[in-house]
Amino acid sequence: MSDPSLFHINTGSTEPIYRQLIEQARRLIAAGQLKAGQEIPSVRELSAALAVHPMTISKAYSQLEAEGLFERRRGLSMVVAASHQKAQPTTERIELLRPTLERAAAEARQLELPPAQALSLFKQILAEEPK
């Protein structure tokens, strides 16, 4: 079974929790960290691990199923869809990151930060251990 700790939420974010989970699942699948046939934590298991209402998890899972990323199996846990055998090419993964970097760039401009300082901070954050 997939590890619920692969998913996390940012309670201070303006992005709804279900959207955060959808985006994380997309990235994990794109990077090949979640592969075809791999079981996904149950709604109950993930909601307990994240201290989130089960309907929030269910909403995210339903959207991912509608997009063809997850497959529901009658009487069994959900799995990553069979079409996701390996990581997506780097160019496609970069496109998933682009909207986040565009938002960060806009915020850096609003704060009137020099590009060199913003890039230095980004490099520092990339080098840090994940929380």
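Buried means under 20% relative accessible area, exposed means over 50%, and partly exposed lies in between (1.4 Å probe, protein chains only). The model is predicted: local features need pLDDT of at least 70, side-chain atom pairs count only at pLDDT 80 or more, and totals for chains, interfaces and linings use all residues. Residues are numbered from 1 along each chain as its sequence is written, and side-chain values use heavy atoms, with hydrogens and water left out.

**View A. Glu23 in helix 1.** Helix 1 spans residues 17-30; helices are DSSP runs of H or I, at least four residues, numbered from the N terminus. Glu23 has a relative accessible area of 19%, so it is buried. Its side chain joins that of Arg26 in a polar contact of 2.4 Å. A polar contact is a pair of N or O atoms within 3.5 Å; within protein, one must be able to donate a hydrogen and the other to accept it, and residues adjacent in sequence count only if both atoms are side-chain atoms.

**View B. The largest nonpolar core.** This core has 19 residues. Such a core is a set of buried Ala, Val, Leu, Ile, Met, Phe, Trp, Tyr and Cys residues joined through side-chain atoms within 4.5 Å. Phe7, Leu34 and Phe70 are among those with the most contacts inside it. Helix 1, helix 2 (43-50) and helix 3 (54-66) each give two or more residues. The largest share, 5 residues, comes from helix 1.

**View C. Helix 2 against helix 3.** The axes lie 8 Å apart, at an angle of about 125°. Axes are lines fitted to C-alpha atoms over the stretch in contact, and angles run from 0 to 180 degrees between N-to-C directions. Helix 2 uses Val43, Leu46, Ser47 and Leu50 for the contact (heavy atoms within 4.5 Å). Helix 3 uses Pro54, Ile57, Ser58 and Tyr61.
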